[in-house]
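Let us look carefully at how a few structural terms are applied to a pair of chains. Each answer sets a value against its definition and then concludes.

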Amino acid sequence: MTQTASPEVRPGTVQDQDTDSKTDLDPGYLVVCWNDPVNLMDYVTHVFQVVFGWDRQKAERHMLQVHEQGKSILTRDSMEKAEHYVHELQKYSLTATLERPE
Amino acid sequence: MKTKRLENGNLEILIVAWEKKVLTGLFRLYPQPRRACNLTKNGGINDAEYAQTLLEENLKETQLHHQEVISRLLKDTEEQGAKRFRIILRPTESETLLQVLNDIRIGSWLALGAPEKKLTELDENTAPHVWAMELATIFQAELLEALQRP
């Protein structure tokens, strides 16, 4: 295993932790879940937990955002991953889409 | 319907004869026509048409797989004495059952014209859909509660 030298950081300055240039260049895709009048709130919470591996609290927060504000941005990721999430959410019959950040 | 989480992560469901009859009747309604849901609203995806086709194919495959699972499910039901039945679901099968029950609910709702509020008056055309929706909701809620239990 090769070692890399640590970058020099001057006192009083904050090192930028976000060194992933891909993130800067590619805004990625948003996974958005939209409100509908038919899916049960507990069901939506459960689906978020299963698809994203979230704890109940986080899943409930997003479910309530969908319910009260009409939509919730669930995650931002690469095209492939975002598309995978949308497929999984739609398998559960949630209204989920893939969007480019504005 | 009684549910119990087993130590190996599977779910045990105990149902009585009439519940098995109701579930069998509900499963006959599956698959329901799916809502056309576009992959994207604001676009910005390369080859969006192809991506949409992939999504629709994926959903169709899922429905076929679900049909296989539910037809096996009631066949594998183990009789527990007089008029009692036991179903063992692996975690993936629990999720399948949840999706199937939800699809039945949504299909019935669409058949009712996608009403925003519960119908207060029923007739011979709407009653079967309302009943299907209500019964699927009862089983779905029970299953959800069991899956959320630690």
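Q: How many salt bridges are there between chain A and chain B?

A: In this predicted model, the count between chain A and chain B is zero. A salt bridge needs a side-chain nitrogen of Lys or Arg within 4 Å of a carboxyl oxygen of Asp or Glu, so a count of zero means that no such pair is found between chain A and chain B.

Q: What makes chain A and chain B partners in an interface?

A: Contact requires heavy atoms within 4.5 Å, and 27 residues of chain A are in contact with 32 residues of chain B. Together the two chains bury about 2700 Å², with 55% of it on carbon and sulfur atoms, and V38(A), Q90(A) and K91(A) supply 23% of the area that chain A buries against chain B. Across the interface, 15 residue pairs are in polar contact, and on the side of chain A that touches chain B, α4(A) gives the most, with six residues.

Q: Why are β1 and β3 of chain B said to stand at the edges?

A: The open sheet of chain B has four strands in the order β1-β2-β4-β3, with antiparallel pairing. Because β1 (2-5) and β3 (78-79) of chain B each have a single partner strand, one side of each is left without a neighbour in the sheet.

Q: How do you know that β1(B) and β2 of chain B pair?

A: Pairing requires at least two bridges between the strands, and β1(B) and β2 (residues 11-16) of chain B have four bridges in the antiparallel sense, so they count as a pair. Within this stretch of the sheet, K2(B) stands opposite L14(B) in β2(B).

Key. Residues numbered from 1 in each chain as written. Chains lettered and ligands numbered in written order. Predicted model: local features only at pLDDT ≥ 70, side-chain atom pairs only at ≥ 80, totals over all residues. Heavy atoms only, no water. Buried area = accessible area lost by both parts, 1.4 Å probe. Polar contact = N/O pair within 3.5 Å; in protein donor to acceptor, adjacent residues only side chain to side chain. Helix = DSSP H or I, 4+ residues; strand = E, 2+ residues; numbered from the N terminus.
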